[in-house]
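Dear colleague,

A summary of what was found in it comes after the structure.

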Amino acid sequence: MDNIPSLLGLALRAGRLAVGEEPVGAACRCHKGYLLLLASDAADNTIRRALHFSQAGKTICLTLPLNKEELGTSLGRSTCAMLAVTDVGFAASVAQQLAKTDPETYGPAWEALSAKAARVKKRREEKRSPHKNKGARRSRKRNPSSSGSGVS
């Protein structure tokens, strides 16, 4: 349980966390948020808005077993009711820690996020890998005699 606030604090320092209603809404609308987290004692209106954000951005929404004060102090604030993790690796790690505490509730979210993280990792590796024909088009040299200038 102590790992979740630590992971969230690390994600905040890495710039991979949107904290508060407006940043979370913007991250979800731009499809940048992978995991939307709510405090256990969040207000009904906050829960309704968070569910709307998660539906609009196709983001997984989970309720944390932390209250607003505990969540806020882990992020260096007084209180925090809503936040979004914008990095798939951090989101999968948070979901994994939650699934360790309650597999029935958080297990499906962890499975979905770990599969998504694997796909993102594979895409990044493919993007960074050297291509076989990367410079093939550039290496061809033009023949100066057949340039088509008409001068013989």
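The notes that follow cover the sheet and then the helix packing.

This is a predicted model, in which local features need pLDDT of at least 70, side-chain atom pairs count only at pLDDT 80 or more, and totals for chains, interfaces and linings use all residues. Residues are numbered from 1 along each chain as its sequence is written, and side-chain values use heavy atoms, with hydrogens and water left out.

Helices (H or I, at least four residues) and strands (E, at least two) are DSSP runs numbered from the N terminus. An open sheet is formed by 4 strands in the order β1-β4-β2-β3, with mixed pairing; two strands pair if DSSP finds at least two bridges between them. At its edges are β1 (17-19) and β3, each of which pairs on one side only. On average, neighbouring strands of this sheet are turned by 20° against each other, direction ignored; axes are lines fitted to C-alpha atoms, for helices over the stretch in contact, and angles run from 0 to 180 degrees between N-to-C directions.

Strand β2 (residues 35-38) pairs with strand β3 (residues 60-63) in the parallel sense over 4 bridges, and Leu35 stands opposite Ile60 in β3. From β2 the chain crosses through α3 to β3 in a right-handed β-α-β crossover (with the strands pointing away from the viewer, the path from the first strand over the helix to the second runs clockwise). With strand β4 (residues 82-85), β2 pairs in the antiparallel sense, again over 4 bridges; the bridge partner of Leu38 in β4 is Met82.

Turning to the helices, α2 (residues 21-29) and α3 (residues 44-57) pack at an angle of about 20°, with their axes 8 Å apart. The two are therefore roughly parallel (angles under 35 degrees count as roughly parallel, over 145 as roughly antiparallel, 65 to 115 as roughly perpendicular and the rest as oblique). In contact (heavy atoms within 4.5 Å), Glu21, Val24, Gly25, Cys28 and Arg29 of α2 meet Arg49, Phe53 and Gly57 of α3.

Helix α5 (residues 88-101) packs against helix α6 (residues 103-128) at an angle of about 155°, their axes 8 Å apart, so α5 is roughly antiparallel to α6. Among the residues that meet there are Ala91 and Ala95 in α5 and Tyr106 and Trp110 in α6. Finally, α6 lies across β2 and β3 and runs at about 145° to β3.
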